[in-house]
Amino acid sequence: MPAGHRSRQRPGGAADVTGITLCSATSAGHHMTRSLLVTGAAHRHVRVDESTMTRADMNDQQRPTRARVGVVGLGAMGLGMARSLRSAGYDVGVHDLRPEVAAGFARDGGTAFASPAELAAEVDVLIGVVVNAAQVESVLFGDGGAAERLRPGSVYVMCSTVDPDWSAGLEGRLGELGVLYVDAPISGGAVRAAAGELTMMTSGRAAAYAVADPVLEAMSATVYRLGDHAGLGSKVKIVNQLLAGVHIAAAAEAMALGIKAGVPAEALYEVITHSAGNSWMFENRMAHVLAGDYTPLSAVDIFVKDLGLVLDSARPQKFPLPLSATAHQMFLQASASGLGGEDDSAVIKIFPGLDLPQPVNQPRPTGQPKKED
């Protein structure tokens, strides 16, 4: 059968195909998805409206036993992911360095744990949503770390943006303890995280997916399976962050030029978002600039880190990344100016002489704007 041809699905969900396998999967208490496996390409889960489900599908949806799930790291993304899992019917345990945040989540359903180790002992799938590799190391192997308490056959799902080689090594380290691993960087932002509509760029062993799949689906609109070993998910995330960082930097530069030239910021935004020069990052991040609101959803320092990883990944291959390098310098300049903790759209503040929009009902400051620590 030629690649690209779909066979008729057999009862039970699986179909034998050369090149493509079409199968059904359910996420407990959430939505029905179908998984498309393509030889040599990504494995993508695509939503299917529940009105298309057969009676057998409905029975299958009620049949699986839910994994016990824990989330470490309740920042903008992790808190949304924990909430989407709770909405999907999971009993979710959480841990965060800020006990009040974990306790706040638990008040609406779920359990707060004092350490990653205590949480790990109670779950089948532990999801780490922390900033970087150093924090993953602390969660797993630091004082009160989770690695020694995760039971053999349980799964650690790593959602941070990290060096792909480091991620591949972590799979081996956890494997020595009998713990399975999914390399699973995420994209979509806090709103989509809370709605269970993330994009997940994953790779890992089939045994890890067998446990974690329903949990991944409950948090996401699309789960891409990129390979059978860790690191490939992180490589794709690196490419994504290259584009995201460059697009934010370019959007800030364009908005800064327009404002400096005397174009009203609102008019500039309206025209560009309806023109060929628009991008998702321009539309999303320059809305923050228009509102004068630099509350961090993704901070300047995140792109200092992520674009640094982009450049580090290319250096051994002597692969030139001129746009990434320039964008990285822009975020570094913003961070060095005291803006590291502000929203990444604050990179626009590196341009001199701008009369930027101010928050509604807030008096415009005199002189240079105050910069946050």
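**View A. Strand 9 and where its side chains go.** Leu180 and Val182 point one way from strand 9, Tyr181 and Asp183 point the other way, and all are buried. Buried here means under 20% relative accessible area, exposed means over 50%, and partly exposed is in between (1.4 Å probe, protein chains only). Strands (E, at least two residues) and helices (H or I, at least four) are DSSP runs, numbered from the N terminus. This is a predicted model, so local features need pLDDT of at least 70 and side-chain atom pairs count only at pLDDT 80 or more, while totals for chains, interfaces and linings use all residues. Residues are numbered from 1 along each chain as its sequence is written, and side-chain values use heavy atoms, with hydrogens and water left out.

**View B. The strands on either side of strand 9.** Strand 8 pairs with strand 9 in the parallel sense, over 4 bridges, and Val155 stands opposite Leu180. To count as a pair, two strands need at least two bridges found by DSSP. Strand 11 (residues 198-204) runs antiparallel to strand 9 and is joined to it by 2 bridges; here Val182 stands opposite Gly204. Follow the chain from strand 8 through helix 6 (residues 164-175) to strand 9 and you have a right-handed β-α-β unit. Right-handed means that, with the strands pointing away from the viewer, the path from the first strand over the helix to the second runs clockwise.

**View C. Val182 and its contacts.** Val182 is found in strand 9 and counts as buried, at 0% relative accessibility. Set aside the neighbours within four places in sequence, and Val182 is in contact (heavy atoms within 4.5 Å) with a list of residues that includes Val155, Tyr156, Val157 and Met158. Also on that list are Thr202, Ser203, Ala208, Tyr209 and Ala212. The C-alpha atom of Val182 is separated by 6.7 Å from that of Ala230, although the two residues are 48 apart along the chain.

**View D. Aromatic pairs, of which the structure holds 3.** Tyr156 and Tyr181 form a stacked one, 6.5 Å centre to centre with 10 degrees between the planes. This pair links distant parts of the chain, with Tyr156 in strand 8 (residues 155-158) and Tyr181 in strand 9 (residues 180-183), 25 residues apart. Tyr156 is buried, with a relative accessible area of 0%, and Tyr181 is buried too, at 2%. Tyr269 and Phe282 make another stacked pair, at 6.0 Å centre to centre and 20 degrees between the planes. Tyr269 belongs to helix 10 (residues 265-272) and Phe282 to helix 11 (residues 280-291), so this pair ties together parts that are 13 residues apart in sequence. Relative accessibility is 16% for Tyr269 and 4% for Phe282. For the record, rings of Phe, Tyr and Trp (its six-membered ring) pair if their centres lie within 6.5 Å; planes under 30 degrees apart are stacked, over 60 edge-to-face, and the rest tilted.

**View E. Two charges over tyrosine rings.** The charged end of Arg225 sits over the ring of Tyr209, 4.0 Å from its centre. Lys349 has its charged end over the ring of Tyr294, 3.9 Å from the centre. The cut-off is NZ of Lys or CZ of Arg within 6 Å of the ring centre and within 35 degrees of the ring normal.

**View F. Helix 3 (residues 99-107) and its two sides.** Ala102, Gly104 and Phe105 are the buried ones here. Down the helix axis, the buried residues of helix 3 fall within an arc of 160 degrees, so they line one face; the arc is that of the directions from the helix axis to the C-beta atoms. They pack against helix 2 (76-87), strand 5 (92-95) and strand 6 (111-112). Just after helix 3, look for Gly109, with its positive phi of about 125 degrees.

**View G. Ser234 in helix 9 (residues 232-260).** Ser234 is buried, at 1% relative accessibility. Beyond its neighbours within four places in sequence, Ser234 is in contact with Met158, Val162, Pro164, Ser167, Asp183 and Pro185.
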